[in-house]
Amino acid sequence: MEDVVRMIALGSPSGEDTASRLISLASSMGLKSSIVTSEPGENFESFNHGAIDWKGKMATAHWMVNSASMVTAGPSPAMAWSASMTFAELEGCRNVMIVDVSDGPESIARIWGQVIEKVRQIHVLFFTSDSLVAISKLEGIEGSDFLSRVREKTLIPLVCGYSGTDYTARVVHALGVAETQASNELEGLEWLAGFLKALPLSGAGIEGIKAAASWE
Amino acid sequence: MPLKLGPAGVPLSCKGRTIVEGMDDITALGLEAMEIQTVRPVQPKHFDQYWQAGILSWDSGIEMNLHGPYYAELLGKRRERNRSLAKMEASMQAGKIINARHLVYHVGPYGEYDPGTGANEQVANIFSGIVERVREIWGDQDEDAYTAFPWISEQEPSLVGIETSGRQELWGTVEEVLEVCNHVEGTVPVLNIGHIHARGHGSMRTSEDYAELFDMVRENYGGSKFYCHFAGIEHRMGNALHYTQIKKSDLKFEPFAEFLAEEGDWMDITIISDSPLLEHDAMYMMQHYDKARQRLMEIRARDERRIKLANDRGLTPEELELLEQEAADARRRQDEEDAKPAAATKSPSKMMTFDTADDDDDLF
């Protein structure tokens, strides 16, 4: 079997959103990755999301990456965001959700609320360093056990976060916790790209997760 | 048996994302219940949407329910408990506006309590307060409000559901939930089958397991109304790891469907699908329940036919079965007798034949 990890992401045509930036990093690391977006000339806010062949695109993909802030990009991206996760669940592709909120408290609450509605479909939940601070404040669960408590309650298999203050990436799983020092590149997105690349090939159990987390 | 099925949230296939649009989809799918997730503190701007959903539920008969905050620490320190209660307050308000029949809450970790009487008493005290507050909210209306919320005058306030938990460190075994519900009027147990299965190390495997569970609830709590959650679940060492679609889990719906079809006549049950494939799995459950009921009807029809046949012949069904068995044995013996001479007389022939066993190429 070919050891190439494949990932797709829902992104904007400009490539400035978080999922697109992750895909760009992942491609440079050798992951086979592609972005699902609107057709050229189409308005992204109202593009024909019904025309996306999710099944075909997910046929060989390991990861379906979405960013939480995409729900605010317009009605079509929001619907494609939701549909992508359902198709991934049906097709056996794992959903990765990047929580990338940092704006006003109201929008943070709204976006986080949308993510919470989808927790059962998410396999990897990642908090960027800014969102880690914002959401833990919003939830009133500050400190190092925020990720563990989110995992306990949502039962998401892998909850990760990157702290920009001590440059640490932390992965919480039912079997244990993996922690590693990682570069501050794009609020921990570089670490996440490497983690997603390493995880499918790193073996089972907490040792596999630890190995994937410290891929650098 | 009244069985209502529905998803925990707006259906995934719903083109819009509002609750009212979700309710339209639920009706189109033939489902009859919905549980709204108020996972974030409810803001006043959401109330208009909730009220529309309440009116639609009142007119259409879709059972609306509401799930409280996804994270609660009711057994935590005062600060944690108050934070959880503050989040619950918003869902209690929303419950009235949406005409929720059940408000579902978690208790959370045991905190500083050990499992047992102390923890249960504390949970009972807290839920007494919650029930009181729900009744206060439902009763706190002027005349005009009755026009806007017709269910307030004609329905009982929402029942407060206490959900079973799926992990050892969280309060909420079936026994704990039943004990508290027994002591606090206005509360009902919410049986999350996935959690019970996980906490019981994979205990829900046969229809007898379901019979035992519901008998226990009936004996300890009473009543015939049940509110359940069902989803596939991965578990390890008595702890739920994560939710999966039903097909991918060792928790199957077929035994539950079989139990409901065979022994569930006395029950009035609502089952909410909280699987990653919300309404898809709710439909899957409905199909399995229909199949189980169909199978049962066929068995009953066959039995009735036999009883009628036995009566016509002046026999008991057991005597008829014995006679039929003897006749079948005699027929089989006769067939064997008939086959013997044919085999004995069959000798290799020198005549050319086109009817050989290995003549696979004969297209006709």
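Colleague: How do the axes of helix H10 and helix H11 of chain B cross?

Modeller: This is a predicted model. In it, the axes of helix H10 (residues 254-263) of chain B and helix H11 (residues 278-312) of chain B come within 8 Å and cross at roughly 50°.

Colleague: What does that make H10(B) and H11(B) to each other?

Modeller: Angles under 35 degrees count as roughly parallel and 65 to 115 as roughly perpendicular. H10(B) and H11(B) are therefore oblique to each other.

Colleague: Is the crossing of H10(B) and H11(B) left-handed or right-handed?

Modeller: H10(B) passes H11(B) in a right-handed crossing.

Colleague: Which residues of H10(B) and H11(B) meet?

Modeller: From H10(B) they are B:Glu254, B:Ala257, B:Glu258, B:Leu260, B:Ala261 and B:Glu262. On H11(B) they meet B:His288, B:Tyr289, B:Ala292, B:Arg293 and B:Leu296. By class, this contact of H10(B) with H11(B) has six nonpolar residues, one polar and four charged.

Colleague: Which residues of H10(B) are buried?

Modeller: B:Phe256, B:Ala257, B:Glu258, B:Phe259, B:Leu260 and B:Ala261 are the buried residues of H10(B).

Colleague: And what do the buried residues of H10(B) pack against?

Modeller: They pack against S1, helix H8 (193-199), helix H9 (207-220) and H11 of chain B.

Colleague: Now helix H1 of chain B. Which of its residues are buried?

Modeller: Helix H1 (residues 19-28) of chain B has B:Ile19, B:Gly22, B:Met23 and B:Ile26 buried. These cover an arc of only 100° around the axis, which puts them on the same side of H1(B).

Colleague: Why would residues three or four places apart point the same way?

Modeller: An α-helix has 3.6 residues a turn, so residues at that spacing point the same way.

Colleague: What do the buried residues of H1(B) pack against?

Modeller: Their partners are strand S1 (3-7), strand S2 (33-37) and helix H2 (47-60), again in chain B.

Colleague: At what angle do the axes of H1(B) and H2(B) cross?

Modeller: The two axes come within 8 Å and cross at roughly 25°. That makes H1(B) roughly parallel to H2(B).

Colleague: Which residues meet there, and what classes are they?

Modeller: B:Ile19, B:Val20, B:Met23 and B:Thr27 in H1(B) meet B:Gln49, B:Gln52, B:Ala53, B:Leu56 and B:Ser60 in H2(B). The contact of H1(B) with H2(B) has five nonpolar residues, four polar and no charged ones.

Colleague: What follows H1(B)?

Modeller: B:Gly30 follows H1(B), and the phi of B:Gly30 is positive, near 85°.

Colleague: Which residues other than glycine have a positive phi?

Modeller: Among them are A:Leu155, with phi near 60°, and B:His201, with phi of about 55°. A:Leu155 lies in the loop between helix H6 (146-154) and strand S6 (158-163) of chain A. B:His201 is in the loop between H8 and H9 of chain B.

Colleague: Buried or exposed, for A:Leu155 and B:His201?

Modeller: A:Leu155 is buried, with 24 other C-beta atoms within 10 Å. B:His201 is exposed, with 11 other C-beta atoms within 10 Å.

Colleague: Changing topic, where is B:Asp274?

Modeller: B:Asp274 is in the loop between strand S10 (268-273) and H11 of chain B. B:Asp274 is buried, with 21 other C-beta atoms within 10 Å.

Colleague: What is B:Asp274 in contact with?

Modeller: Leaving aside neighbours within four places in sequence, B:Asp274 is in contact with A:Arg120, B:Ala8, B:His229, B:Ala231 and B:Tyr243. B:His229 is 45 residues from B:Asp274 in sequence, but their C-alpha atoms are 6.4 Å apart in space.

Colleague: How many helices and strands does chain B have?

Modeller: Chain B has twelve helices and ten strands. Of its 364 residues, 43% count as buried.

Colleague: Last one, A:Lys197. Buried or exposed?

Modeller: A:Lys197, in helix H7 (residues 189-198) of chain A, is buried, with 23 other C-beta atoms within 10 Å. Not counting residues up to four places away in sequence, A:Lys197 touches A:Val5, A:Ala26, A:Met29, A:Leu31 and A:Trp215.

Terms used. Residues are numbered from 1 along each chain as its sequence is written. Chains are lettered from A and ligands numbered from 1 in the order in which they are written. This is a predicted model: local features need pLDDT of at least 70, side-chain atom pairs count only at pLDDT 80 or more; totals for chains, interfaces and linings use all residues. Axes are lines fitted to C-alpha atoms, for helices over the stretch in contact, and angles run from 0 to 180 degrees between N-to-C directions. Helices (H or I, at least four residues) and strands (E, at least two) are DSSP runs, numbered from the N terminus. Angles under 35 degrees count as roughly parallel, over 145 as roughly antiparallel, 65 to 115 as roughly perpendicular and the rest as oblique. A crossing is left-handed if the near helix is turned anticlockwise from the far one by less than a right angle, and right-handed if clockwise. Two residues are in contact if their C-beta atoms, placed from the backbone, lie within 7 Å. Ala, Val, Leu, Ile, Met, Phe, Trp, Tyr, Cys and Pro count as nonpolar, Asp, Glu, Lys and Arg as charged, and the others, Gly among them, as polar. A residue is buried if 20 or more other C-beta atoms lie within 10 Å of its own, exposed if 12 or fewer, and partly exposed in between; C-beta atoms are placed from the backbone. The arc is that of the directions from the helix axis to the C-beta atoms.
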